[in-house]
Amino acid sequence: MQIPPSYVDVVIGIAGSNISYIRRASGATVTVQETRGVPREMTVEVNGTASQNFMADAATPQTQTSASMAIINPYGIHIS
C-alpha cells in the first residue's frame, strides 16, 4: 500500500503504535519503507497468509478511497 505524506502519521501511529497493533492483531509481517522515486511517500508491505492479510487490512486505518489503497500479498491479490 502506498501512503501519501499527509497520511503517513495516521497509518504508522505515534512511535509506530498503529503498525505494531496491525502486526499483533493479524500475525502478518508488516514492513514500512520509503517509496522509491516518490519523495516523502511511504510503502507498507504486508506478508502472511490470506487470513493474516485480511486481518491486517481490517486493522489498517482507512484514510483514503479504496481505489487508491491496496495491500499486496504474496498471492498477487490486491486487497483494498
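Analyst: S26 belongs to helix α2; the model is a predicted one. With a relative accessible area of 9%, S26 falls under the 20% cut-off, so S26 counts as buried. Two polar contacts involve its side chain. One runs to the backbone oxygen of I22, at 2.6 Å. In the other, a polar atom of the S26 side chain lies 3.0 Å from the backbone nitrogen of A28. Once neighbours within four places in sequence are set aside, S26 is in contact with Q52, M55 and A56.

Helix α3 spans residues 50–59, and its buried residues are N53, A56 and D57. The three cover an arc of only 100° around the axis, which means that they are on the same side of α3. The face of α3 turned away from the buried side carries S51, F54 and A58, which are exposed.

The loops hold two backbone features of note. Most residues other than glycine have a negative phi. A15, although not a glycine, has a positive phi of about 55°. A15 sits in the loop between α1 (5–12) and α2 (17–26), the latter being the helix that holds S26. At 82% relative accessibility, A15 counts as exposed. R40 is the other case: its phi is positive, near 65°, and R40 is not a glycine either. The loop that contains R40 runs between β2 (29–34) and β3 (42–47). R40 has a relative accessible area of 65% and is exposed, whereas S26 is buried.

As for the whole chain, there are 3 helices and 5 strands, in the order β-α-α-β-β-α-β-β along the sequence. Among contacts with a separation of 6 or more, 48% join residues 24 or more positions apart. The chain exposes about 4800 Å², of which carbon and sulfur atoms supply 56%.

Definitions and conventions. Residues numbered from 1 in each chain as written. Predicted model: local features only at pLDDT ≥ 70, side-chain atom pairs only at ≥ 80, totals over all residues. Heavy atoms only, no water. Buried < 20%, exposed > 50% of the residue type's maximum accessible area, 1.4 Å probe, protein only. Helix = DSSP H or I, 4+ residues; strand = E, 2+ residues; numbered from the N terminus. Arc of directions from axis to C-beta. Contact = heavy atoms within 4.5 Å. Areas by Shrake-Rupley, 256 points an atom, 1.4 Å probe, with all protein chains shown as cover. Polar contact = N/O pair within 3.5 Å; in protein donor to acceptor, adjacent residues only side chain to side chain.
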